Amino acid sequence: MSKTEKPVAAKQPARPTIKAVRGTRDLLPAETPLWNRVEATARAVFARYGFGEIRTPIFEATELFARGVGEETDIVSKEMFTWEDRGRAASEKNSNLTLRPENTAGVVRAYIEHNLGESGALQKLYYIGPQFRRERPQRGRYRQFWQIGAEVLGPPSSGADSPLRDAEVLEMLASFLDELGVCGWRLELNSVGSAEDRARYSAALREALEPVKAKLCPDNQRRAETNPLRVLDSKDEADQEIINGLPKIADFLSPGSRAHFEQVLAALDACGVKYHLNPRLVRGLDYYTRTTFEFTVPSGDATGLGTQNALLGGGRYDGLSEMLGGPRAPGIGFAIGEDRLILTLQAQAEADGASIAATKLGAYIAPLGVVQNPAALVLARELRAAGLTVEVGDGSFKLRKSFEIGDSLARHIILLGEDEVATNTATVKTFATGVQKKVERSALLEVLRKQDGSF
Ligand code: HAM
């Protein structure tokens, strides 16, 4: 290369961008106010029923879910994100960990670990957080999704197995959905009986499936062998006729289970919560005993959910604590699919012609030159301390650009030029009225308050 020649920079190929992992998504500020409203409503409603919040780890020992949710369930057999931990300590070697696919097993583990039953009091616990399942992603079905759930459990002496608890949880859910304004929800209800009832029913199902097994889809053929109850929640179109002709759980309930269920229904009738009995609702997790339920919304575009129309699901799990090595602690709970609830609320608002509008800021402060930037920040500090929501522009922006940004973000624009700073004033324009005036700094908050009501 001669001295005058300049080195030519090698053209770097553009680096590929990195996208969110399939089945996960970002929630941007346009959407999060609705998520926050849903969560705030849940917290307020649950508090009225005496629930306290519990936060359990996002990953747990794989065995917790294998034992709690059941080896043969779809969740455990195909959908868990599981890994062998590379711990250095001998005690951590080969520990098998899993991102939680649901939160009930974690809550019951925590109940056992912290002896929460010791006081003898009923435990009412709720949680809000992400769960992980390797499902085929589609609208309303994600690999990282959010659940808002609650569990009521305790020693038998606390009344944890009373049908009143089932009815109270269902009535609370009805109130929560009504308070949020969810239209057209439907409560589907069933009883899967005690562990013994289920065992007798499973045997009867196995027997009834034996002669017709060959006609079922491969998945159902496998379930007919390993866990015949799972055949009942199959969505396979071609298998529906056979499934509809199978024995019904209601005919296998012991007198005790039947009486329990009847008392749940009577309490719901008394408080006017409508339900639909669905004998096929056995749910996809193995820990359920007696009451099981789902709240659905009509599928289709109007609800935003397509076929994923179960907003929430739950039920009683009277033997789960013992399955996890704990004391007897009957319980009942539910988990709301928050993503699905939000999709439903968004679709319903759209159908009503109401947009879930982003709220505007109180004021946009526009310094007219970079020299006024510090003064703009001082003013923003004062107004924010007084409770106003404020954004600050930049003195390098042209006036027109400041007005455009201000109009899109805020209800007022406050101009701070050399003159305003020198005379301790500010020029305020209210976008809704188009009125612009210069005011004393000491009167500024009063002027903004008058325009906006209190803030
Ligand atoms: P689950 O029926 O597996 O029950 O899930 C509850 C709700 O979570 C579903 O009704 C649905 O709204 C939502 N959900 C499940 N999977 C996905 C997904 N891949 N994407 C989006 N939403 C999803 C349980 O998890 C039990 N732990 C509920 C329970 C609590 N039972 C007793 N206590």
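## Around the ligand

How do the residues of the shell around the ligand divide into nonpolar, polar and charged? In this predicted model, the shell holds twelve nonpolar, eight polar and seven charged residues. There are 27 residues around the ligand, and the ones that come nearest are Glu102, Thr104, Glu135, Tyr142 and Tyr288.

Let's look at some polar side chains there. Thr104 has a polar side-chain atom 2.9 Å from a nitrogen atom of the ligand. For Tyr287, a polar side-chain atom sits 3.0 Å from a ligand nitrogen. With Tyr288, an N or O atom of the side chain is 2.6 Å from a nitrogen atom of the ligand. How much of the ligand does the protein bury? On its own the ligand exposes 660 Å², and the protein buries 96% of that.

Which elements give two or more residues to this shell? They are β6 (144-153), β10 (310-316) and β11 (331-337). The most comes from β10, which gives six residues.

## The sheet of eight strands

Now follow those strands into their sheet. β6, β10 and β11 belong to an open sheet of eight strands, and the order to trace is β1-β5-β6-β11-β10-β9-β7-β8. The pairing in this sheet is mixed. At the edges you'll find β1 (52-53) and β8 (276-277); each has a single partner strand, so one side of each is left without a neighbour in the sheet.

Pick out β10 and β11 and you'll see an antiparallel pair, held over five bridges. Leu312 has Ile336 of β11 as its bridge partner. While you're there, keep this in mind: in a regular strand, side chains alternate between the two faces of the sheet.

A helix goes with this sheet too. Helix α11 (residues 338-351) lies across β5 (123-132), β6, β10 and β11, and it runs at about 50° to β11.

Strand β12 (residues 361-367) and β13 run parallel, joined by three bridges, and Ile365 stands opposite Val392 in β13. β15 and β16, on the other hand, run antiparallel and are joined by five bridges. In that pair, Val428 faces Lys437 of β16. The hairpin of β15 and β16 has five residues between the strands, and there Gly434 takes a positive phi near 80°.

How values were computed: Residues are numbered from 1 along each chain as its sequence is written. This is a predicted model: local features need pLDDT of at least 70, side-chain atom pairs count only at pLDDT 80 or more; totals for chains, interfaces and linings use all residues. Side-chain values use heavy atoms; hydrogens and water are left out. A residue is near a molecule or strand if one of its heavy atoms lies within 4 Å of it. A polar contact is a pair of N or O atoms within 3.5 Å; within protein, one must be able to donate a hydrogen and the other to accept it, and residues adjacent in sequence count only if both atoms are side-chain atoms. Accessible areas come from the Shrake-Rupley method with a 1.4 Å probe; for residues, only the protein chains shown count as cover. Helices (H or I, at least four residues) and strands (E, at least two) are DSSP runs, numbered from the N terminus. Ala, Val, Leu, Ile, Met, Phe, Trp, Tyr, Cys and Pro count as nonpolar, Asp, Glu, Lys and Arg as charged, and the others, Gly among them, as polar. Two strands pair if DSSP finds at least two bridges between them. Contact means heavy atoms within 4.5 Å. Axes are lines fitted to C-alpha atoms, for helices over the stretch in contact, and angles run from 0 to 180 degrees between N-to-C directions.
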